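Open the model in a viewer and keep the selection tool at hand. The stops below go from one selection to the next.

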Amino acid sequence: MNARSVEDVLDRLAPRDRFAHDWTDVLTRAGIEAVQPSRSAWRRRKWVLAAAVLAAILIPVAAATVAARSNWWFFDSHGDQPLTRPVVVKTGTWDGKRWQLVAYRATPEHGILPADLIEICTAVMPYASPPSASTGGALGCGGFSVRPAGSPSGRRGIDYASSQSADLPHWAAGPVVDTAAEVALYFRNGDLLRVPTFAPPEPLGPVRFYATALPTSTDPAAERPVKVVGLDKDGAVVACAPLDPSASC
């Protein structure tokens, strides 16, 4: 009998076990509990990672909104959310009283504006008052057309706001398309007031602004313009808004 036949006989009497690694068995015999991989733990890690990424996206936006809203009195009573931070566009003096015009882009409460409109908010307030003080100030917001006058949209390309207080005389102000070099205010008695426009110090869209004290009169109705018109450098009408049923553009 050779070595090979002896090996075959032994295999028949005691078949060989196939060797296999059993790390769990080794740990059990050593008194150590094996830690099983958990799919839910991986999902939890993925969720935490996704939440961290989402927070990284949302926090700067929220911080920007908070920064834009902070300290300004008009956000306490106005629902429009700021898209840009309020900026002081212009300062001046009317009847010995200093004033400042503040403006910002906004999203209206009622939803998203059409593509050819932007929301502009304009506030006129005493120059010396802090941003949180509303005394003597007034705010006007509205959809503002970025299309030129006469476009199919039919929108006007100029907005008008007006107020007066013990701190400021009767004034008119608002945004106008950026092609307007001046704004003409037409009054019921036939008077005409022309004022230059000015650009904001920071981008607010294709807009310029105007602001003026209104003439005083013994007839209060005569102090209110019946329409406002934006004129380019050549005197052509580029924006118009009627303010009275008797007026047209």
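Start with Asp 234 and Lys 233: both are exposed, where exposed means over 50% relative accessible area, buried under 20% and partly exposed in between, computed with a 1.4 Å probe on protein chains only. Asp 234 forms a salt bridge with Lys 233, and their closest N and O atoms are 3.7 Å apart. A salt bridge here is a side-chain nitrogen of Lys or Arg within 4 Å of a carboxyl oxygen of Asp or Glu.

Before moving on, note that this is a predicted model, in which local features need pLDDT of at least 70 and side-chain atom pairs count only at pLDDT 80 or more, while totals for chains, interfaces and linings use all residues. Residues are numbered from 1 along each chain as its sequence is written, and side-chain values use heavy atoms, with hydrogens and water left out.

**Other salt bridges**

How many salt bridges does a search of the whole structure find? The search finds 4.

Select Glu 202 and Arg 85 next. They form a salt bridge with the closest N and O atoms 2.4 Å apart. Glu 202 is in the loop between S9 and S10 and Arg 85 in the loop between S1 and S2, so the pair links distant parts of the chain, 117 residues apart. Glu 202 counts as partly exposed at 31% relative accessibility, and Arg 85 is partly exposed with a relative accessible area of 48%.

Then select Glu 182 and Arg 194, another salt bridge, with the closest N and O atoms 2.4 Å apart. Glu 182 lies in strand S8 and Arg 194 in strand S9, so the pair ties together parts that are 12 residues apart in sequence. Strands, like helices, are DSSP runs numbered from the N terminus: E over at least two residues for strands, H or I over at least four for helices. Glu 182 counts as partly exposed at 22% relative accessibility, and Arg 194 as partly exposed at 45%.

**The open sheet**

Show S8 and S9 as part of their sheet. In what order do the 4 strands of this open sheet stand? The order is S9-S8-S11-S12, with antiparallel pairing; two strands pair if DSSP finds at least two bridges between them. Strand S9 (192-196) and strand S12 (237-242) are the edge strands, each pairing on one side only. Neighbouring strands of this sheet are turned by 20° against each other on average, direction ignored; the axes are lines fitted to C-alpha atoms, and angles run from 0 to 180 degrees between N-to-C directions.

Inside the sheet, strand S8 (residues 182-187) is joined to strand S11 (residues 225-231) by 6 bridges.

**Around strand S3**

Go to strand S3 (residues 97-107). Strand S1 (residues 81-82) pairs with S3 in the antiparallel sense over 2 bridges, and Pro 82 stands opposite Ala 106 in S3. Strand S2 (residues 87-94) runs antiparallel to S3 and is joined to S3 by 7 bridges; Gly 92 stands opposite Trp 99. The hairpin of S2 and S3 has 2 residues between the strands, and Asp 95 takes a positive phi near 50° there. S3 is also joined by 8 bridges to strand S4 (residues 117-126), again antiparallel, with Val 102 opposite Ala 123.

**Rings**

Select Trp 94 and Trp 99. Their ring centres are 4.2 Å apart and the planes are at 15°, so the pair is stacked. Rings of Phe, Tyr and Trp (its six-membered ring) pair if their centres lie within 6.5 Å; planes under 30 degrees apart count as stacked, over 60 as edge-to-face and the rest as tilted. Trp 94 is buried, with a relative accessible area of 9%, and Trp 99 counts as buried at 4%.

Next, select Arg 98, which lies over the face of Tyr 127 at 3.8 Å from the ring centre. Lys 90 lies over the face of Phe 198, at 5.3 Å from the ring centre. A charge sits over a ring if NZ of Lys or CZ of Arg is within 6 Å of the ring centre and within 35 degrees of the ring normal.

**The cores**

Finish with the largest nonpolar core, which has 35 residues; Leu 101, Val 124 and Trp 171 are among those with the most contacts inside it. A nonpolar core is a set of buried Ala, Val, Leu, Ile, Met, Phe, Trp, Tyr and Cys residues joined through side-chain atoms within 4.5 Å. The largest share of this core, 5 residues, comes from S7. A second, separate core of 10 residues includes Trp 72, Phe 75, Cys 121 and Met 125.
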